[in-house]
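Open the model in your viewer and keep the sequence panel beside it. The stops below go from single residues to strands, then to a sheet and a few rings.

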Amino acid sequence: MRVLGIETSCDETAAAIVGPDGIESDVVHTQEVHARFGGVVPELASRAHVEKLGVVVRAALEQAGGAPPDAVAATAGPGLIGAVLVGLSWGKALAAGWAVPFVGVHHLEGHLLSALLEPSAPDFPFLGLVVSGGHTTLYLARGLGDYQVLAQTVDDAAGEAFDKSARLLGLGYPGGPRIDALAAHGDPRAVSFPRPAPGGLDWSFSGLKTAVRTHVLSSSRASDEDVCASFQAAVVDCLLDRVQRAAEQTGVRRVALCGGVAANRELRERAAALPKLQVYLPARSRCTDNAAMIAGAGRLRLLRGERHDLDGVARPSWGLA
Ligand code: KG4
Ligand code: ZN
């Protein structure tokens with residue numbers, strides 16, 4: 001079964017085709033209109049999706065040989081309601097026009113299962129760290145649709161901490177890739193940032209962001225490179241500490257890292273070097289928002305017989321587990 005996936009939940013307009021042999025096409029357009037505002041402006045995101053989605057879907061179809069797909073999957077939430085509605089409506093309309101089945105996909109399930117698109121994919125059960133701009137959650141994935149939350153952030157998401165810290169440093173939006181790049185030239189021991197542990201396996205990142213602010217305003221401010229390296233080391237320490245503890249507690253040794261922050265070079269390198277764990281890392285371009293992950297997750301649900309009515313609604317907030 002060849003599935004067209006559509007993703008428009010935030011500021012990436014994306015379409016992709018996934019078939020029995022894997023990813024046939026994967027087209028992502030990142031909206032640039034938000035950069036000067038320092039964050040995503042929901043109404044502008046919706047309008048930019050409307051303008052660009054036709055071109056992006058056409059490119060995904062053409063790159064995959066031009067034949068219409070056997071089914072359509074579109075992100076149905078969570079995300080910015082107007083932005084989700086654009087892709088969801090397009091997906092339903094295309095499915096109706098081609099007279100093929102449709103499924104609405106949970107954006108986080110797309111991220112969580114993105115590791116399954118790689119040539120070396122984890123078997124269930126696996127631990128899935130979904131670490132993005134809006135979410136930081138560690139799942140125990142037992143099977144398709146069978147997910148248990150083992151840990152989550154009690155305040156900011158890790159990606160949000162990257163974005164807010166980058167803003168404090170005047171690095172612009174999105175902050176994650178810029179901090180990642182500067183950190184490569186800095187000393188991770190230059191500034192001693194906290195590693196908050198709010199209890200259990202949960203995370204807290206808002207105190208870290210405040211520590212960055214306090215440091216940046218201090219008279220003994222380190223270089224941007226050193227602040228970025230020190231901040232990034234603190235985030236990666238916190239993330240990997242919980243992953244290791246969860247692996248010990250559950251006995252599950254397969255770990256997939258997914259979501260935008262999983263594109264971070266230090267996180268990837270240090271995760272891959274963890275002893276006793278099998279770590280699965282989607283390609284960096286498939287950590288940040290993309291439609292291949294939506295087509296992939298939708299395809300698994302379609303293959304087991306799921307079909308969604310065309311009157312299904314967009315869900316701006318929607319739990320996965
Ligand atoms: O998964 P994603 O594209 O969108 C959401 O679903 O949120 O994640 C975006 C987040 C942003 O916070 C961005 O700064 C962060 O992922 N990010 C990174 C890197 N690339 C993107 N964070 C750290 N290092 C990176 N290389
Ligand atoms: Zn995402």
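Which residues does Thr13 touch, not counting residues up to four places away in sequence? Select Thr13 and show its surroundings: Thr13 touches Glu7, Val27, Val28, His29, Gln31, His49, Lys52, Leu53 and Val56. Contact here means heavy atoms within 4.5 Å.

Before moving on, some ground rules. This is a predicted model, in which local features need pLDDT of at least 70 and side-chain atom pairs count only at pLDDT 80 or more, while totals for chains, interfaces and linings use all residues. Residues are numbered from 1 along each chain as its sequence is written, chains are lettered from A and ligands numbered from 1 in the order in which they are written, and side-chain values use heavy atoms, with hydrogens and water left out.

**Stop 1**

Thr13 sits in strand β2 (residues 12–19). Helices (H or I, at least four residues) and strands (E, at least two) are DSSP runs, numbered from the N terminus. Thr13 has 0% relative accessibility and therefore counts as buried. Buried means under 20% relative accessible area, exposed means over 50%, and partly exposed lies in between (1.4 Å probe, protein chains only).

The side chains of Thr13 and His49 make a polar contact of 2.9 Å. A polar contact is a pair of N or O atoms within 3.5 Å; within protein, one must be able to donate a hydrogen and the other to accept it, and residues adjacent in sequence count only if both atoms are side-chain atoms.

Next, select Gln31, in the loop between β3 (22–30) and α1 (42–63). Gln31 is buried, at 6% relative accessibility. Its side chain joins that of His49 in a polar contact of 3.2 Å, and the side chain of Gln31 also reaches the backbone oxygen of Ala45 at 3.1 Å. Leaving aside neighbours within four places in sequence, the contacts of Gln31 include Cys10, Asp11, Thr13 and Ala48.

**Stop 2: strand β5**

Select residues 102–106, which form β5. All 5 of the 5 residues are buried, so the strand is largely enclosed by the rest of the structure. Phe102, Gly104 and His106 point one way from β5, and Val103 and Val105 point the other way. In a regular strand the side chains alternate between the two faces of the sheet.

Show strand β4 (residues 71–77) as well: β4 and β5 run parallel and are joined by 5 bridges. Two strands pair if DSSP finds at least two bridges between them. To find one bridge, pick Ala74, whose partner in β5 is Gly104. Follow the chain from β4 through helix α2 (residues 81–98) to β5; this β-α-β crossover is right-handed. Right-handed means that, with the strands pointing away from the viewer, the path from the first strand over the helix to the second runs clockwise.

**Stop 3: a five-stranded sheet**

Show the open sheet of 5 strands, with the order β8-β7-β6-β9-β10 and mixed pairing. β8 (146–152) and β10 (278–280) stand at the edges with a single partner strand each, so one side of each has no neighbour in the sheet.

Select β6 and its neighbours. Each of the 6 residues of β6 is buried, so β6 is largely enclosed by the rest of the structure. Phe126, Gly128 and Val130 lie on one side, with Leu127, Leu129 and Val131 on the other. β6 pairs with β7 in the antiparallel sense over 6 bridges, and a hairpin of 4 residues joins the two strands. Val131 stands opposite Thr136 in β7. With β9, β6 pairs in the parallel sense over 4 bridges; the partner of Leu129 there is Leu257.

**Stop 4: aromatic pairs**

How many aromatic pairs does the structure hold? There are 2 aromatic pairs. Rings of Phe, Tyr and Trp (its six-membered ring) pair if their centres lie within 6.5 Å; planes under 30 degrees apart count as stacked, over 60 as edge-to-face and the rest as tilted.

Select Phe124 and Phe126: the ring centres are 5.4 Å apart and the planes at 20 degrees, so this pair is stacked. Phe124 is partly exposed at 31% relative accessibility, whereas Phe126 is buried at 0%.

Finish at Phe162 and Phe231, with centres 5.0 Å apart and planes at 85 degrees, so the pair is edge-to-face. Both residues are buried.
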